[in-house]
Amino acid sequence: MRPKKTILCVDDNEQALSVRKFMLETRGYRVLTAASSQQALELFREGGIDLVLSDLIMPYMDGNELVRRMKELAPEVPAILISGSVKAFDRANRADAFLPKGACSPVELLERVRMMVARKRGPKKGHGPRPLISEHATEHIAEHEAETSAPLVVGA
């Protein structure tokens, strides 16, 4: 059985935090919650976080600043910012994605979380990028060009 991925949810709204925690836990994720940016940074420093899901508008330190600080510690951990009051967010932010609350369904949120956790994991071993042309084909092209002194046009 695969180990559960750990998601750190950050929101100063306790009700929103508990709903998000329930939604993610029922999908098999391990969820840590923080009701403040400072508490979130402390949990993040302990390590083991696979994804951060944070509210944008919070007192003392907003979600964007929180993500900026987290990226300084571990740039490979993806972060998603969500907001109920901001509908579009400048791409200059440090988060990997932005989702407006209410404008995206729970299914969309879960799909984005799934994609981001998979991206952090990276490509499967042994499934790296494949060359567009095999070594054998490259040799064949080189032989053709040497014999005819004309480039081989594929698909013509």
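In what order do the elements of the protein run from the N terminus on? The order is β-α-β-α-β-α-β-β-α-α. That comes to 5 helices and 5 strands. Helices (H or I, at least four residues) and strands (E, at least two) are DSSP runs, numbered from the N terminus. The model is predicted: local features need pLDDT of at least 70, side-chain atom pairs count only at pLDDT 80 or more, and totals for chains, interfaces and linings use all residues. Residues are numbered from 1 along each chain as its sequence is written, and side-chain values use heavy atoms, with hydrogens and water left out.

**Overall**
- The protein has 156 residues, and 35% of them count as buried. Buried means under 20% relative accessible area, exposed over 50%, and partly exposed in between (1.4 Å probe, protein chains only).
- Take the contacts between residues at least 6 apart in sequence: 59% join residues at least 24 apart. Contact means heavy atoms within 4.5 Å.

**Helices α2 and α3**
- Helix α2 covers residues 37–45 and helix α3 covers residues 63–73. They pack at an angle of about 15°, with their axes 11 Å apart. Axes are lines fitted to C-alpha atoms, for helices over the stretch in contact, and angles run from 0 to 180 degrees between N-to-C directions.
- That angle makes α2 roughly parallel to α3, a term for angles under 35 degrees.
- Ser37, Ala40, Leu41, Phe44 and Arg45 in α2 meet Leu66, Arg69, Met70 and Leu73 in α3. By class, this contact has 6 nonpolar, 1 polar and 2 charged residues. Ala, Val, Leu, Ile, Met, Phe, Trp, Tyr, Cys and Pro count as nonpolar, Asp, Glu, Lys and Arg as charged, and the others, Gly among them, as polar.

**Nonpolar cores**
- A nonpolar core is a set of buried Ala, Val, Leu, Ile, Met, Phe, Trp, Tyr and Cys residues joined through side-chain atoms within 4.5 Å.
- The largest core has 21 residues. Leu8, Val10, Ala40, Phe44, Val52, Leu66 and Met70 have the most contacts inside it.
- β1 (6–10), α2, α3 and β4 each supply at least two residues of this core. The largest share, 4 residues, comes from α2.
- Apart from this core lies another, of 19 residues, among them Ile80, Ile82, Leu99 and Val113.

**Ser83**
- Ser83 sits in strand β4 (residues 79–83). Ser83 counts as buried because its relative accessibility is 0%.
- Leaving aside neighbours within four places in sequence, Ser83 is in contact with Asp55, Leu56, Ile57, Phe98, Leu99, Pro100 and Lys101.

Terms used
Angles under 35 degrees count as roughly parallel, over 145 as roughly antiparallel, 65 to 115 as roughly perpendicular and the rest as oblique.
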